[in-house]
Amino acid sequence: MVVPAPGEPQLMRLVVSDRGHDLLGAVHAGESWASAARRTVASLHADPVPVDLSSETLQFRIDHDNRVTVRAMTQGDLADVTRWRQSEHVHRWWASDGDPTPEAVQAAYGPAVDGMTPTRMYVAEVNGRSIGFLQDYLIADYPEFALLCPHPQAVGVDFAIGEIAWVGRGFGPRILWAWMERARKRFPQATSFFAAPDHRNRASLRMLAKVGFTEGLWFDEPKSDGTVDTVVGCTLDVSTVLG
């Protein structure tokens, strides 16, 4: 590990775990967390993925067994999205979007899948198996939401792991990380990412924290069914985390 000279600011530490071995490193001045992790394991020719970036020491790992990817959603995926939206653990947080019948899901997501709205839809896969979905958008493209958001120029993201068998296995941060890397390329001018889970959804808030989001203001978000959800604005600084 690099040790700062007396009087210099303390460097942020990181650790990359690889099959029981811990590789120690530090984030240099002006360096992103992702770049520092890659530099730490440069001799392995592997990309570290986050375990927990909310701790005092940033925690990454090398995963030799699982390939987590995010791909563009197609019309053929909407049957899975319908099933996921109908599952109890997802519907609990998306209930205000209405009854997720096949017709309602088609109406809600079909235009975005076809590129007819500012929102883009994605499917999360682990080793080629679809397990959940995400949607992203420029918050500025939705003026009513932009008025509520502390970062109206940010890229917004919503997400859900639909397959209950994959919940609680540590894939949430991996899915978000895969999306973040894709979004960084799609929105090269973006300086921040933003998500606003329900304040009671501790699992989603924890997932966001593990990839570098920080909790900010709570605000009331009007929903399409006329109700209001109290959500927590979570922001990720792109240059700090991804570079």
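Tutor: Under 20% relative accessible area counts as buried, over 50% as exposed and in between as partly exposed (1.4 Å probe, protein chains only). This is a predicted model, in which local features need pLDDT of at least 70 and side-chain atom pairs count only at pLDDT 80 or more, while totals for chains, interfaces and linings use all residues. Residues are numbered from 1 along each chain as its sequence is written, and side-chain values use heavy atoms, with hydrogens and water left out.

Student: Where is Asn-127 found, and what is its phi near?

Tutor: Most residues other than glycine have a negative phi. Asn-127 has a positive phi, near 50°, and it sits in the loop between β6 (120-126) and β7 (129-138). Strands (E, at least two residues) and helices (H or I, at least four) are DSSP runs, numbered from the N terminus.

Student: Which loop holds Arg-19, and is Arg-19 buried or exposed?

Tutor: Arg-19 belongs to the loop between β1 (12-18) and β2 (21-27). Its relative accessibility is 65%, so Arg-19 counts as exposed. The phi of Arg-19 is also positive, near 50°.

Student: How far apart in space are Ala-79 and His-21?

Tutor: From C-alpha to C-alpha, Ala-79 and His-21 are 42 Å apart, and they are 58 residues apart in sequence. Ala-79 is in helix α2 (residues 78-86) and is exposed, at 57% relative accessible area. Gly-168 and Val-113 make another pair, 55 residues apart in sequence and 28 Å apart in space, again C-alpha to C-alpha. Gly-168 lies in the loop between β8 (155-161) and α6 and, at 77% relative accessibility, counts as exposed.

Student: How do the axes of α2 and α4 cross?

Tutor: Axes are lines fitted to C-alpha atoms, for helices over the stretch in contact, and angles run from 0 to 180 degrees between N-to-C directions. The axes of α2 and α4 (residues 102-113) come within 10 Å and cross at roughly 125°. Angles under 35 degrees count as roughly parallel, over 145 as roughly antiparallel, 65 to 115 as roughly perpendicular and the rest as oblique; α2 and α4 are therefore oblique to each other.

Student: At what angle do α6 and α7 cross?

Tutor: The axes of α6 and α7 (residues 202-210) cross at roughly 55° and come within 9 Å, so α6 and α7 are oblique to each other.

Student: Which elements line the second largest pocket?

Tutor: Rolling a probe the size of a water molecule over the atoms shows where empty space is left. On a 1 Å grid over the protein atoms alone, a pocket is an open set of points where a 1.4 Å probe fits, with protein on both sides within 12 Å along at least five of seven lines; lining residues have an atom within 4 Å of a point. Here, 18 residues line the second largest pocket, and Val-49, Val-68, Trp-177, Ala-178 and Glu-181 lie nearest its centre. The elements giving two or more residues to this lining are α1 (33-40), β5 (68-72) and α6 (171-186). Of these, α6 gives the most, with 5 residues.
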